[in-house]
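Here are my notebook entries for a first look around. Have the structure open while you read along.

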Amino acid sequence: MTTDRRIALVNLGRCEVETFPVSMDLEQRFLGGSGVATYLFCKHAPKMVDPGSADNLCIVSAGYLSGTLSAPLGAVVLTSKSTATGLMARVCVDGPFAAEMRRAGFDHLVLKGRAKNKTCLLIRDGRIEFKEVHGLRDNSLFDPCAVLRKDVLAAKNVVAMACSGTVALEVKDPEGIIAYEKKLIESIDEPPAPNTPDQDGQDSQIMEGPAGSIKLKEIKQSIGQCLGLGCELNFQTAADRILLNTGLALNEDELKQIAYRCIIMERIYNIREGIATSQGRQADDYRENGWTRKAVVKKTKVFDPLRIDDLWDRLK
Amino acid sequence: MCRTACAIRKAGVCNPEKSRIRVIQMDECDRYMPLVCQNCEDAPCIAACPKEAISRIDDQVVRTVIDYNKCVGCKMCLNACSFGTIGFDEDRGRPFKCDLCGGDPLCVHFCKPGALTLKDSAMIQYDQARASALRRTAGMKR
């Protein structure tokens, strides 16, 4: 079963585009945004790829709720292997790009290869055009909001990306989401409720899973990035917004599991790419928490229960 | 948010193209200009409609509305509108315009900075006069 969300595999070297829908299974396991991006990166990125080479991938993802009333703009998430650390890196860019990308017909763009000349991608109503550009400077061609930072995509010879479209995004419960968001907006003026001791301590709580523990704060951030909100939000608000906008019913535990799954995928990828031997804060963090190849890369104990067994061949 | 909310209520989808409110980005002065139907006293769209499908009504607020039983989608009203605030739904083949949500516009609720408000047209001149007087006396002391 599929949804109306689409992924485009863009081969810049050959100027080819292959599109396929986001399956319902993918949506339920990773929602969208950084979740699906992490999965696509693990699935399509070559092993031990040189981050500065043309083989490295750059994935541009709109959040699961981008363009809806819950996130009218929504942050766009860029996922790639960092040239600085050699690990999976992610950057959230605010502005209307994510919403426009969804209206242009795509939720995720997987950019492969390297364009021969400096290229601009025009994404319009389900079509992607490659335009060679000469003499283009950073943020000088289109609306600054529609242009992603040049340095992120420079390795691919992509100078700019512009989206426009009129694809209507379906809303499951139009009046329900209007009433819900209206109430949230009205509550902004209300004085904040004093934090209870439970709320204060919540961020330091940890979530245990088959591949080790993760801070709840990190889980919340991950859900925000999957939804394209770029910020932390409580699980009930996230679940309500997802249900009213898309009809996908998820409870708090299911949301936590999705976030946990996405974070673990990234860790496994980083471990495979050699973080254990890397220097730096992130490597220390991995060592201190026992996230080693021996502990995490296990099919029956980690991949199967986390429902990422289809990545076993890629990540083992 | 105003455009998305409007599109959801009026068309049931997230598509600002179907919103009854338009927001024009004015690069020259770095401002955004929201535009909605001005509900003109002598509305050109009413005069232009060959089927008399547009009329001016006064229930909770005075406004011009389209009778879709009479409208044939000829787009004459789009051409006649001086403000460009009448849109056209290609899927339905009919024009659409702001009807002030029956007197309680949704866009006003979703404009948190308060840039949008609904005012009685008779009161606009007094508010403008007061704002002008405040500007002129800003430097004066009692």
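I began with the domains: chain A is divided into domain 1 (2–164) and domain 2 (174–315), with bounds that come from an automatic or database domain assignment. This is a predicted model, where local features need pLDDT of at least 70 and side-chain atom pairs count only at pLDDT 80 or more, while totals for chains, interfaces and linings use all residues. Residues are numbered from 1 along each chain as its sequence is written, and chains are lettered from A and ligands numbered from 1 in the order in which they are written.

Next I looked up where the domains meet. In chain A, 32 residues of domain 1 are in contact with 29 residues of domain 2 (C-beta atoms, placed from the backbone, within 7 Å). On the domain 1 side, helix 1 (24–30), helix 2 (33–44) and strand 5 (88–93) of chain A each give two or more residues. Helices (H or I, at least four residues) and strands (E, at least two) are DSSP runs, numbered from the N terminus. Helix 2 of chain A gives the most to that side, seven residues. I sorted the side by class and found 16 nonpolar, twelve polar and four charged residues. Nonpolar here covers Ala, Val, Leu, Ile, Met, Phe, Trp, Tyr, Cys and Pro, charged covers Asp, Glu, Lys and Arg, and the others, Gly among them, are polar.

Then I turned to the two chains. Their contact takes 16 residues from chain A and 14 residues from chain B. Helix 1 of chain B gives the most to the chain B side, with four residues.

Last, I checked the strands. Strand 10 (residues 169–170) of chain A and strand 1 of chain B run antiparallel, joined by two bridges; strands pair if DSSP finds at least two bridges between them. Glu170(A) stands opposite Val13(B).

Methods
Contact = placed C-beta atoms within 7 Å.
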